[in-house]
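Hello,

Here is the structure I promised to hand over. Please open it next to this message, and then read on for what was found in it.

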Amino acid sequence: MTTPPALLIAGHGTRDDAGAEAFRAFVRELGRRRPDLPVAGGFIELSPPPLGEAVAELVGRGVRRFAAVPLMLVSAGHAKGDIPAALARERERHPGVSYTYGRPLGPHPALLRVLERRLAEAVDPSWDPAEVTVLLVGRGSTDPDANAEVFKAARLLWEGRGYAAVETAFVSLAAPDVPSGLDRCARLGARRIVVLPYFLFTGILPDRVRTQTKEWAAAHPDTEVRSADVIGPEPELLDLVLERYEEAVKGDLRMNCDSCVYRIALPGFEDKVGLPQQPHFHPDDDGHRHHGHGHSHSHSHVH
């Protein structure tokens, strides 16, 4: 029987120790779930272990084939460029190794169910959903396609669940920011707002969302505002990552190329079309000492 490819989890990285440990614990739990698979995980930036170290760990365990899954909700610059470039670099570092690349998690129905659970935990059980406005807050990106994905998640969360509205905001790099998003909800007549972070794990940015929400609520005492929790390492998330792994192994991938800044000239982003992708330099990744600066050869964005 052919040995299945190993599973490599690619994370964004965070300066928050609890968030980084949540990722590492999640990778360990995946390994427990699938004892038949070698499983490892690493970060693109900010926190250890770097992705290169995770690949080296797998290679040290005799792995020659692996499928990489980006543990990210939306397909932004990291999933589109940094991770593919880093994987190409690792293939150069470890001759004979091959890999397939999975797609980000996206607004999967299983994650929408978790978000619905987080909302239910945050509201008073007596509240009528028709009187509740949800503000879904994403990370924010310079990539318009990635920001549009958060709007898509908001629409899918609103469909069929009976909330007054599901509005969207971002905590960094994109407008509207959290206070502006709350202002919009209030202008639309919202009296009860639940701020729902569209994040997998705790971290500096979700903490910032909660702080900004508290500040806004203090300045608007007539509006009842609650903060919901992040998605967290729920069984649905574990199942979805393994689903993305199986897709990658079978080659059944459906990436979105229609509004990708690396393929399509979008207004204000024309300079990105065909831009070569480079891996992030991770300060904990010492492999660069053996291969120049650790950059792969120029790779146009690959879906």
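How far apart are the closest N and O atoms in the salt bridge of R93 with E90? They are 2.8 Å apart. I will come back to that pair below, after a word on how to read the values.

This is a predicted model, in which local features need pLDDT of at least 70 and side-chain atom pairs count only at pLDDT 80 or more, while totals for chains, interfaces and linings use all residues. Residues are numbered from 1 along each chain as its sequence is written, and side-chain values use heavy atoms, with hydrogens and water left out.

Let me start with the sheet. Helices (H or I, at least four residues) and strands (E, at least two) are DSSP runs, numbered from the N terminus. Four strands make up an open sheet in the order β2-β1-β3-β4, with parallel pairing; two strands pair if DSSP finds at least two bridges between them. At the edges are β2 and β4, each of which pairs on one side only. On average, neighbouring strands of this sheet are turned by 25 degrees against each other, direction ignored. Axes here are lines fitted to C-alpha atoms, for helices over the stretch in contact, and angles run from 0 to 180 degrees between N-to-C directions.

Strand β1 (residues 6–11) is joined to β2 by five bridges, and the two run parallel. As an example to look up, I9 has G41 in β2 as its bridge partner.

Helix α2 (residues 51–60) lies across β1, β2 and β3 and runs at about 160 degrees to β2. Helix α8 (residues 235–250) packs on the sheet and touches β1, β3 and β4, its direction making about 130 degrees with that of β3. Contact means heavy atoms within 4.5 Å.

Next come the aromatic rings. Rings of Phe, Tyr and Trp (its six-membered ring) pair if their centres lie within 6.5 Å; planes under 30 degrees apart count as stacked, over 60 as edge-to-face and the rest as tilted. By this rule there are four aromatic pairs. One of them is F23 with F43: the ring centres are 4.3 Å apart and the planes stand at 40 degrees, so the pair is tilted. Because F23 lies in helix α1 (residues 17–33) and F43 in strand β2 (residues 39–43), this pair ties together parts that are 20 residues apart in sequence. Both F23 and F43 are buried, where buried means under 20% relative accessible area, exposed over 50% and partly exposed in between (1.4 Å probe, protein chains only).

Another pair is F66 with Y99, whose ring centres are 5.7 Å apart with planes at 20 degrees, so this one is stacked. F66 sits in strand β3 (residues 65–70) and Y99 in strand β4 (residues 98–101), so parts 33 residues apart in sequence are tied together. F66 is buried, with a relative accessible area of 3%.

Now back to the charged side chains. A salt bridge is a side-chain nitrogen of Lys or Arg within 4 Å of a carboxyl oxygen of Asp or Glu, and the structure holds 23 of them. R93 and E90 are both in helix α3 (residues 77–93), three residues apart, about one turn of the helix, and both are buried.

R118 and E234 also form a salt bridge, at 3.3 Å from N to O. Since R118 lies in helix α4 (residues 109–122) and E234 in the loop between β8 (224–227) and α8, the pair ties together parts that are 116 residues apart in sequence. R118 and E234 are both buried.

The side chains of E159 and R155 meet in a salt bridge too, at 2.9 Å from N to O. E159 is partly exposed, with a relative accessible area of 40%, and R155 is partly exposed as well, at 47%.

Finally, some backbone details in two loops. In the loop between β2 and α2 you will find P49, and the peptide bond from P48 to P49 is cis, with omega near 0 degrees. L46 is found in the loop between β2 and α2 and has a positive phi of about 75 degrees although it is not a glycine.

The loop between β6 (165–170) and α6 (178–187) holds P176, and the peptide bond from A175 to P176 is cis, with omega near -5 degrees. L173 is found in the loop between β6 and α6; its phi is positive, about 70 degrees, although L173 is not a glycine. At 65% relative accessibility, L173 counts as exposed.

Enjoy exploring it!
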